Every structure is written in C-alpha cells, then in structure tokens.
Amino acid sequence: MQPKSMTLGQKIWLMISIGVLLTVSFSYFLLNYFYQKLYVDKVEQTLMEEGKLLAADYRGGPITDAFRKQVEWYNEKSTAEVLLVNNPRELSACLPFGVEYESLINGDDRSKLLRGDTVTKIGYEKRFHRKIMGVIVPLLDEHRLQGALYLYIPLASIKELTKDVAVIWLPLATLFVFVLLLAGKRMARHITDPLKEMEKVAYHMSQGDYRAQIPVRANDEVGRLAKAFNVMAKAIAEEDMRKREFLANVSHELRTPLSYVKGYSEAILQGLVKTEEEERKYVQLIHREADRMERLVRDLLDLARLEGNNVPLQKTPLVFAQVIEDTVAKYEPFLQKKQITLNMELDHDIILEGDADRLEQVVQNLLDNAVRYTPAEGKIHIRLKKVSDASCQLIIRDSGKGVPKEKLPLLGQRFYRVDQARTRKEGGTGLGLAIVKQIISLHNGTISFFSEEGKGMEVVIQLPIYTE
Amino acid sequence: MRAICVLLAVLGILFIHGCEQETLPAVPKQMEVLISVNVNDESVTFFDIQTGRKVAEWKLRKRIKGAVLLPDDRTMLLYGNEMDRVYLYDMRTGEEKSEWKTGKGIVGALVSNKGNKVFLADERQKALRVFDLKGKEKAKIEVGNKPLTLLQNKAGTTIYVIDFHNTKAYAVDVDKRRVIRTFSVPKFAFGGLLRDGRQELWIGGHGSGSTVETNIRIYSIKTGALIKLMKAPSMPVSFVETNEGIFALSHGSNILRKWDDSGNLKASVTIGANPFIMIGANERLYIASYDSNEIYVVDQRTMKIIARWKTGKGPFQLLIRKGNDGGKENGLNRG
C-alpha cells in the first residue's frame, strides 16, 4: 500500500514545527553553555584575582602568624572559602615517599605551583566532600613552596543559579513553542487556502464554467498567481464567447446566400419562372450569392491562415507609396462613378520591409470601406508621412457618416458590422478589418480608428520604417 | 643469494647491536665524586666534589629510586621498587656489569661495613635480604612491610631497619640472621642516626595524617626505650654526624640544624627547597634540594652556603665515591 502523501499545508507546518523545536532546543543548550561558561569563568577570574592580591602580601620566608590572621580575616569577609595551606603534608612535600595521604594539593598541582603557576579545580573534591570551583595560588620563596592560598566556592551555588534560570525559562519556552506552533498552523493554512480555491476553480473551468473568480487576499506570490489565474479565466471565457459568436456568425453568413441559392434554383427547377428575362435575373442572383459565399470562404481562409501564421509573410523592402498608388489606380472607375474626390499626399521616401501583396490587401480593404461608406460627391483623403526616423503613418480619411464612438473599439472584430442591414446589401463579408488588423500586427504595426458620427471616419496605421 | 646473505648478516649485526647495552659516560677515576640519584628524570649526576664541575651524567630511563656503591668503589648498584632487578654499573667504563634478578619491591640497599655483603630491603617480601657481592642471596630476615631506612653499626654486626608503615624499628643481628630487638616508632618514621658511642638511635619522620612531625626521637639501642624528644620542626629526615657536630635536615621547613655532642642546638639555617637528603664530607655538607634540582654545599662549621650545583630533576639520594688519592671521611649511606 502506498503511504498517504502529506498535503502542502502539513509539510509547511511540519517544517515550521521542526524549525521551532530545533531553535528552542539549540537556544536552550546555548543558554546553558554560555551561562555556565561565563559564570564559571567569572567566578574563576574573581577567585584568581582575590588569590593573587592576597598572595601579593606574602613577602617570602616562613608563613607568619600575621599573614595567617590576615587570610583568616579575609576568609570571614569573603563569599569564597579561603584557606592558607602551609602544612608540608597538605602541600605533598613527602610525595616521593608514598605517604598514603590524600593531600589537599596533589603532586601535579605541586609541580605547577613550584613553577609559579596557579591551579584551577572544577569538580568533586574529596577533601571537601563536594563539587567545587577552586583556585590555588602559590606562595613561593624562590624555589620553596612555603604555602598556597586555596580559594574555592561550592559548585552547588552555581548549579542552583542555573536551576533558577530553568524555572523561568522552561514555562516561557513551552508557551513560546505552543504559540509558534499554532501560528505556524495558521500560516500554513493562509498559504495553502488560495491554492485550494484555485484547484476548485480550475475544476469548474474544466467543466466549462468560467465565471468563478479567486479572491485575491494579498499581494504576495500566491496573490499574484490568483490574479493571473483570474485574468486567464477571463481571457478563456472571452475567447470561448468569441468562438461561439464566430461560429454563429459564420453559419449565419453562409446560410443567407445558401438560402438565396436554394430558393431561386428551386423556383427555376419547378418552372415557376415564366419569362427568360426573369430566369436570367434569378440566375444572376444565384451567381451573386455564390460570389458572396466564395468571398466569404476566401476571407475566412485568409484570416485563418494569418491568425495561424500558416503562410509566412514574404517580406522585402518596398516603397509604400508605390503600393498605395497601384491600389488606388484600381479604384478609379468606382470613384468616378460615385464622383468622389480623392486627395493623396504620399511620401515616396518611406521604405518598409513588408509583404507587398498583403499590404496591398490592407489598402484595398480600407479603401473598399471608404468608398463604400462615402456618399456620392464625397471626399477621400490618403496621406503617408514620416512621424519619426523609425515609423510612418498611413491615414485614410473619408467623409462618410462615420461610426458612433462607443462602437469604435468593436471595429476589427470578425463579422462585426456597424450597420447590419446595409452591409448585407453592399456585399461586405465583415472580415475585412479583421484581416487588416491581423496583417498590420504581423508587420509589427498598430491600427487605430477615429470618428465623429456624421463627419466621416479616419483610420490611422502606424508601421515601422525599414532601416538597414 | 649472496645479496640476501649480506642483508641477513647486516640485519643480524643491527639486531645484536640493538640488544647491546648502551654505554654511559665513564666517570674519571682519580677524583672524589659526589653522586646524585635523581628520581624525576631517572638520571644520575656526577660532580667533582672539589670544583663542583659536572663530570658525567647518566640518563638511565629506568625507574630508579636509589643506589649504593660496592666496596670496590667502582661498581654502583641501582635499585627501585618497580624494577624486577637491580642493575650494577661500572663507573670507570660506564658499562652495565650485571643484573641481579631480585623481583620487584627493593626499597633500600646497604653495603656491609665488613665489605662482604649487600643488604636489600624488600617491601614485597617484607624482608631484609642478604646477598654476597656476586648477587647470590644468602639469607632473608623478615621485617615490616615498608623497610625504608637501613642503618648499621661501625662493626657491621647489627642492622637497624626502620619501618615506614607499621610503627616498628628492628635490630637485626647480621651473623645470627635474626631480629634481636624491636621498638615502637611513630608512623612514617624515616631517616636516622646511629650513635654507637652513646648507644643512641636518632629517628626522624614525616608525621602521620595531617600532623607534621616536629621532633627527632632518641631511643636507647640497648633497651629500645625512648630517651628523649628533640625539637626539629618540621619533618626531620636526614642526619649526619661529624667532628663538627650533629646535623639534621627538616624537609618540611627547609631547615638545617646543628647540635653539639651533648645535644645543644648550635645553629639553624634555611637551605634549599624541600630537601630530602644530605651527606657530609670534607668539612662540608652536601644537601639535595628536591624541588629546585640543586645540590647545596654548606660549610659545617660556619653553616654558610658555599655553592649550589645544578642536578637532574628530583635529586633523592647522594653518594660519595672516593678518588684514587684517598678520601677522608664518609657520611651516611641512606637505605
């Protein structure tokens, strides 16, 4: 059986717990160590200083009664026990004879003292039947060890002090650990809760529900992830909606010409057409609708290709003004027919790196729209100019009826038409601007629309200039 | 094959050489020499007694505790209670002459004044063991369990063994090979002086427990009775009697005292650091200062320090070897 794996929350909490316990136990040992070390060192230092000061009063020769009295007096006043040892037996003077006597000062101590060194003792001392911290200072007269000052304090008092510390420290530490563990649990939950919500929302999304949003509680990594998640969810929802709309639009756009074709062809087949002239009219209508369908399918295919980037652009340096002029030339008959005045201000020095056919398609689509919506005897103005060393602008302005401001952002969406009824008549597919937008984007440019209702429309395309 | 033979021969020579006793520096034979046996660095130092010049030093690396000179005045016998044998060295060549397998526990040695025996005190066998000069054990007389001090009368007929532990001194008749008298002494009694003429035995000591011995005890060798206590604080352990008087060295207080023949204190001076042993010769006293690793040379009459000679570490016993030109008097060979 596979062991049940821990949740992230449990892992975080476990890590925090281990950290807390380690920290607390480490601090305990550190505290103990430093306390003992510092305190014991301090005691040793004090004893050493006292001993040396007392020894400084010894002037050589045998130990005098006066000195002994002085030490005894000091012993009464001092917190430490101070012994003056001058019994040769206690000083291990008879050591080489093996006198079987437990001297206060053993052979090793004696040789240290003879060298003039002090001796430090920590631990159990048989003679005092207790653990002590002691310092022995020699009283030397040349090489003669006349005596020694033995200063000590029982270690018990030091131990008691550490016990006092433990009494205060232990409950505090327990409380600290408890609080930290609780806080750790809350923290772990705080971190993992948004993740759990994200998990839930992701499940919902997989079921097709894009409405759910994750509440953003903080601006940390998890908070930002939640934000990004929400943005993503919104984007997916929009994309989903667009897809539905697109499908609806495509089926609608195809159904209309199809129903024309079907209706008129049925009429002809059933012999409902009386005259040849009428039949010719019907066939013309069928032909027109087939044309429309063809255009629609071509545009759809075009758009799909551009969006999927299936057919890479054939980019070459080209004079943009030339492309525009060539395209405009095709429209001369339409312009004359509608008596539209066309003004052109083109900068022939501007060179772009682009796909000539696609750019021509852009100008054609835009001009298509301009001619279509400009009334008879209207005006169209085309201008190509440099805005900086790196970019240029193509502005196409017409004097049509324009587009309401609130609808400007919707321009360029597939199948969007400002005036549904009219365009059907005019024969646009509703994909022209979407294709333009896509081509411009593939040329690293931008497109923007400006309009005031009734006063015409202005399309501004900004493109980068070719630099060698 | 030949190469192997050569190699084996070389190895054999090296092996034999390795087994050989290393030769110690020889001691010049003509001069009178003061010998210091040092227990802490296990060495023996030899001084020209006239000039104080160090004439030789032996680093023995053996746990020696003491030594005696055999009557030929060229052989030194070294012993120690943790060695399982005693070693005999020829001072003129520095070579080891022989070893006597005595077993561990030898704590004292004395050469008979008659010149034909060596007495070894054995703390393991609790006996005074008698050897001839070839190392053959002749007799064994039971004494106490730590017979540290050995004294003998001029004639060499009686040996006094003072025990360190069991508060007894034994008078041993050498010819009869038995203890003829015992008398009570304090615990940790150590060092003594036999005054044949006055029938007195002076005994020093360390004192027992934390009590420090401050007296010299004088016993009658006839009766074994305590005759007199003589103040000599603290811890009198070494004695010398010469024409100048009686000298006693107290190691606890580093004091050398001098009495006249009738026991009147004549002088006392502070000498050395924890001195254990002294020896008298040439109107001088040679005192081994244990803690400061020195020999103090003191004039017997003026009690003034004449010289200080550096020894090895822990001088614990002093001996004098007479030169070829003949010495005057000899002090005491401590057991």
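Predicted model: local features only at pLDDT ≥ 70, side-chain atom pairs only at ≥ 80, totals over all residues.
Helices and strands here are DSSP runs, counted from the N terminus: a helix needs at least four residues and a strand at least two. Keep that in mind for B:Asp73, which sits in the loop between β4 (66-69) and β5 (75-79) of chain B.

For the complex, the predictor reports an ipTM of 0.82 and a pTM of 0.62. Chain B has an average pLDDT of 88, and 90% of its residues score at least 70.

Now for chain A. You'll find ten helices and eleven strands in it. Of the 468 residues in chain A, 38% are buried. Take the contacts in chain A with a separation of 6 or more: 65% of them are between residues 24 or more positions apart.

Zoom in on helix α3 (residues 107-114) of chain A. Its residues A:Asp109, A:Arg110, A:Leu113 and A:Leu114 are buried. Why do they end up on the same side of α3(A)? Because they cover an arc of only 135° around the axis. The general idea is simple: an α-helix has 3.6 residues a turn, so residues three or four places apart point the same way. And what do the buried residues of α3(A) pack against? Their partners are β2 (119-125), β3 (130-141) and β4 (144-154) of chain A.

At the start of α3(A), a side-chain oxygen of A:Asn106 comes to within 3.1 Å of the backbone nitrogen of A:Asp108. After the helix comes A:Gly116, which has a positive phi, near 95°.

Further along chain A is A:Val460, part of strand β11 (residues 456-464). Is A:Val460 buried or exposed? With a relative accessible area of 9%, A:Val460 falls under the 20% cut-off, so it counts as buried. Leaving aside residues up to four places away in sequence, A:Val460 touches A:Gln393, A:Leu394, A:Ile395, A:Thr446, A:Ile447, A:Ser448 and A:Phe450. A:Arg383 is 77 residues from A:Val460 in sequence, yet their C-alpha atoms are 9.6 Å apart in space.

Over in chain B, some loops deserve a visit. B:Thr102 is in the loop between β7 (95-100) and β8 (106-111) of chain B. Although B:Thr102 belongs to a loop, its relative accessible area is 5%, so it is buried. Which residues does B:Thr102 touch, not counting those up to four places away in sequence? They are B:Asp84, B:Arg85, B:Val86, B:Leu120, B:Asp122, B:Gln125, B:Arg129 and B:Phe131.

Back to B:Asp73, the residue we opened with. Its phi is near 65°, a positive value in a residue other than glycine. B:Asp73 is partly exposed, with a relative accessible area of 26%. Compare B:Met303, in the loop between β26 and β27 (305-310) of chain B. The phi of B:Met303 is also positive, near 60°, but B:Met303 is buried, with a relative accessible area of 4%. Another loop, between β19 (226-231) and β20 (236-242) of chain B, holds B:Ser234. A cis peptide bond joins B:Pro233 to B:Ser234, with an omega of about -15°.

Finally, how do the chains meet? Chain B puts 30 residues into the contact and chain A puts in 18. Between them, the chains bury about 1,800 Å², with 59% of it on carbon and sulfur atoms. B:Gly209, B:Ser210 and B:Asp291 supply 20% of the area that chain B buries against chain A, more than any other three residues. Across the interface of chain B and chain A there are two salt bridges. One salt bridge has the side chains of A:Glu142 and B:Arg308 meeting at 3.6 Å, N to O.

Key
Residues numbered from 1 in each chain as written. Chains lettered and ligands numbered in written order. Heavy atoms only, no water. Buried < 20%, exposed > 50% of the residue type's maximum accessible area, 1.4 Å probe, protein only. Arc of directions from axis to C-beta. Contact = heavy atoms within 4.5 Å. Polar contact = N/O pair within 3.5 Å; in protein donor to acceptor, adjacent residues only side chain to side chain. pLDDT = per-residue confidence, 0-100. Buried area = accessible area lost by both parts, 1.4 Å probe. Salt bridge = Lys/Arg side-chain N within 4 Å of Asp/Glu carboxyl O.
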